[in-house]
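Thanks, everyone. I'll keep this brief. Please look at the structure first, and then we'll walk through the sheets.

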Amino acid sequence: MACANAMARPAALPARDRQLKELAFGASSSPLLKFGGSRVRRLGGGKLHGARNASALPVVRAESSTPEYFPDAKFYKVEAILRPWRIPQVSSALLKMGIRGVTVSDVRGFGSQGGSTERQAGSEFSEDKFLAKVKMEIVVSKEQVEAVIDKIIEEARTGEIGDGKIFLVPISDVIRVRTGERGDKGERMSGGQTDMFSTSEHLQVVDPSGKLYLASVTRLNPSRSF
Amino acid sequence: MALTGNHHHHLRLSPPLPRTLAPAKTPRSLRTPRLSVAASLAAAAAAPPAGQFRVDVLSESLPFIQKFRGKTIVVKYGGAAMKSEALRASVVNDLVLLACVGLRPVLVHGGGPEINSWLGRLGIEPVFRDGLRVTDASTMEIVSMVLVGKVNKHLVSLINKAGATAVGLSGMDGCLLTARPAPNAAQLGFVGEVASVDSSVLRPLTDSGHIPVIASVAADKDGQPYNINADTVAGELAAALGAEKLILLTDVAGILRDRNDPSSLVKEIDIKGVKKMIEEGLVAGGMIPKVNCCVRSLAQGVRTTSIIDGRVPHSLLLEIMTDEGAGTMITG
């Protein structure tokens, strides 16, 4: 059985074990596997109907590596409270990685600094003084959460007291006002990650109940054919 | 002086421009054919080149002037730039130029060598602990007098002489700075940290085109004067003013990746990178407090901070008006 390491979204890079997906090629025509509670991925060259295909199409089993959050949901809101002047940097970095929907609001706050003071505009502020911050709210699907959190931290961190905090909130549903779309369709934005990182490989996959899905596959090793 | 096509590379601007420069372009007057004698042609050829060079330089600094117009630039002045007459004059000229083109420079200074010489004159023995001076009450009196009364006013009059108008302030004036004892004040005496900044006194000054010159002496809530490190004062003032740039003039070329190799100057680095360099031990002892002061400023919203070589004439202009800069720029 040949194994290849592949990552569905190359931009979500950090070499965290949970994000590595292992694809196992096998000659057996075992049925498609469900993983992560939501999407079904099966990679093969061409159309696949059911799983009893006796052709030499390799069967690819993708191992789940989406992180575990409690409570579990399809979508999560990343709520980041940050310094106001770091926001342009953070939002342009998020745009570059394909996150297209962000809400910001002006808030005030203080955090526990263990007795040390936070400096703002040259002056020191002790624990009970409210300082101006900006809250950034981003709703993304489960797989994108870690990448978004990492990117926010990378762009906003200065190392000084007052850098802020990020909260992760599960979201029951996402609905688009203009069209009424809910769920995945409601969350998906044009020009976003799915569009940015899809390749020419578009495969039709079928889940055990017979539903047909269109899966996009990122080819990492061009010489290999699926 | 090297004349290259791209004036952004190491341009030394010194006030009197030599008139014997090879022309970069054919002067306009010579392109149109003239029925004049060879002698007058030769005379016409000698005059335009110097003027041409000047206008080339001016027009190439336009994008920088546009970028920084109306923005506040805090300059901390110290080290060799303070001791040498020529360097002092070049810093003052640069400040006046910046003020004239529409930037808002603010100068912060420490005391340097003056304090020691006056302590000597008054017969006060300086006390040192672990290599750092102890500022007891009588030393603090002298520090306050020398910094605010002598050094500050001397700088103000130099700037006035150069054509701009300067106003000299200390931390006490307008409650600009409020001090608190530094963590090591128990051993080192009246050494302070910046507790708060109220920059409202500076606003009318900069609006009306004056250049504030700030001495790094401030009082605490009870009126006790403290001597505060001038780098710290510059950094916190830059944060309070929402400055575009903080520039620290030092006696070294900037942050060098390899201490012994001057060409390993780090031109631009971000907070993460510079903290890594400190961890790796690449940043020398005396540079660490300056870098920390820069990081503190950047965390509070100052756009860029630079540590530049004050021994180079017109280092301020090089840093602000060229891509090359004159030292290390630390960005957020």
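Start in chain A. Four strands, in the order β5-β8-β4-β9, form an open sheet with antiparallel pairing. Which strands stand at the edges? They are β5 (103-109) and β9 (164-171) of chain A. Each has a single partner strand, so one side of each is left without a neighbour in the sheet. On average, neighbouring strands here are turned by 25 degrees against each other, direction ignored. One caveat before I go on: this is a predicted model.

Now one pair from that sheet. Strand β4(A), residues 75-82, pairs with β9(A) in the antiparallel sense, over 8 bridges. Within it, Glu79(A) stands opposite Phe167(A) of β9(A).

Two helices pack on this sheet. Helix α1(A), residues 87-96, touches β4, β5 and β8 (131-141) of chain A. Its direction makes about 10 degrees with that of β8(A). Helix α2(A), residues 145-156, touches β4, β8 and β9 of chain A. The direction of α2(A) makes about 10 degrees with that of β4(A).

On to chain B. Here an open sheet of 8 strands runs in the order β5-β8-β2-β1-β11-β13-β14-β12, and the pairing is mixed. The edges are β5 (166-170) and β12 (268-270) of chain B. Again, each has a single partner strand, so one side of each lacks a neighbour in the sheet. The twist averages 20 degrees from one strand to the next.

Take β1(B), residues 72-77, and β2(B), residues 104-109. They run parallel and are joined by 6 bridges. Tyr77(B) stands opposite His109(B) in β2(B). Helix α6(B), residues 85-100, packs on the sheet, touching β1, β2, β8 (211-215) and β11 (245-250) of chain B. Its direction makes about 150 degrees with that of β2(B).

Next, helix α13(B). It lies across β1, β11, β13 (304-309) and β14 (327-331) of chain B, at about 155 degrees to β13(B). Is α13(B) enclosed or open? Of its 13 residues, 10 are buried, so the rest of the structure largely encloses it. Among the buried ones are Met287(B), Cys293(B), Cys294(B) and Leu298(B). A geometry check: at 1.5 Å a residue, residues 287-299 should span 18 Å, and the end C-alpha atoms are 18 Å apart, which agrees. After α13(B) comes Gly301(B), with a positive phi near 110 degrees.

Last, one residue back in chain A. Ser123(A) lies in strand β7(A), residues 123-125. Ser123(A) is buried, at 8% relative accessible area. Leaving aside neighbours within four places in sequence, its contacts include Ala195(B), Ser196(B), Val197(B) and Gln300(B).

Note on methods
Residues numbered from 1 in each chain as written. Chains lettered and ligands numbered in written order. Predicted model: local features only at pLDDT ≥ 70, side-chain atom pairs only at ≥ 80, totals over all residues. Heavy atoms only, no water. Buried < 20%, exposed > 50% of the residue type's maximum accessible area, 1.4 Å probe, protein only. Contact = heavy atoms within 4.5 Å. Expected span 1.5 Å × (residues − 1). Pairing = 2+ DSSP bridges. Axes fitted to C-alpha atoms, helices over the stretch in contact; angles between N-to-C directions.
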